[in-house]
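Let's take a walk through this structure together, starting with the overall picture and ending with the repeats. Have the model open while you read.

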Amino acid sequence: MRVAVDGQGNVFVTDSGNNRIQKFDGNGRFLLKWGNYGSGDGQFDDPKGVAVDGQGNVFVSDSSTNPSQSNNDRIQKFDGNGRFLLKWGSQGTGDGQFYFPDGIAVDRQDNIFVADNTASIQKFDKQGHFLLKWDSYNHDIAVDSQGNVFSVGGREMYIQKFDGNGKLLLKWGSQGSVDGQFNNPSGIAVDGQGNIFVADTFNARIQKFRQR
């Protein structure tokens with residue numbers, strides 16, 4: 001399950017087990033839902049990541065519970081009311097293809113970054129055209145206001161910071177339970193002031209860091 005917030009404070013949640021997206025207002029009041037199991041437009045098979053661009057469009061990384069059956073492995077784009085707009089991607093390891101896509105993020109230029117389980121991050125324009133990719137084992141990603149990309153990798157017990165073209169800028173963390181260490185970190189987010197929040201799963205805590 002992932003969460004994203006639009007400019008009006010509405011909250012979008014990937015309800016993976018029910019193969020749908022749910023939308024709530026900032027006070028948690030249910031507004032709408034869309035999606036069900038399948039491979040058609042607007043259908044999902046274990047949706048993972050969700051992100052919202054500056055126009056309120058919603059991007060969902062649509063994975064596959066059983067690649068031999070569904071082969072979704074794609075990104076779907078919707079408006080803020082769940083209307084299907086476009087999709088791209090297929091199962092594979094080539095440029096623009098995915099194998100269990102997970103975290104997804106959008107920068108201020110509406111470029112889309114996708115964390116894929118081929119140990120890579122791929123970058124696309126707002127129409128889904130492939131731009132570039134780089135190596136990084138990760139589950140979730142986030143983008144700050146400067147377009148820097150932060151990745152967190154589960155079994156990789158550290159955080160990585162890249163520029164928008166994949167150049168590694170910084171890496172921090174190690175395995176453990178003291179401040180600044182991690183045990184299977186699985187989620188990451190960046191606020192408007194550039195503070196970084198990490199879900200440190202097996203340590204059962206959230207850690208907050210300042211930008212360096």
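What percentage of the 212 residues in the chain is buried? The figure is 54%, where buried means under 20% relative accessible area with a 1.4 Å probe and only protein chains counted. Keep in mind that this is a predicted model, with local features needing pLDDT of at least 70, side-chain atom pairs counting only at pLDDT 80 or more, and totals for chains, interfaces and linings using all residues. Residues are numbered from 1 along each chain as its sequence is written, and side-chain values use heavy atoms, with hydrogens and water left out.

Now for the fold. The chain has 19 strands and zero helices (DSSP runs: E of at least two residues for strands, H or I of at least four for helices). Its radius of gyration, taken over C-alpha atoms, is 16 Å, close to the 17 Å from the globule rule for 212 residues, so the chain is as compact as a globular protein of that length. That rule is 2.2 Å times the number of residues to the power 0.38. The C-alpha trace spans about 45 × 40 × 30 Å along its principal axes.

How do the pieces connect? Of the contacts (heavy atoms within 4.5 Å) between residues at least 6 apart in sequence, 38% join residues at least 24 apart.

Residues 1-27 are 48% strand, with end C-alpha atoms 19 Å apart. For residues 89-127, the strand share is 33% and the end C-alpha atoms lie 12 Å apart.

Notes: Buried < 20%, exposed > 50% of the residue type's maximum accessible area, 1.4 Å probe, protein only.
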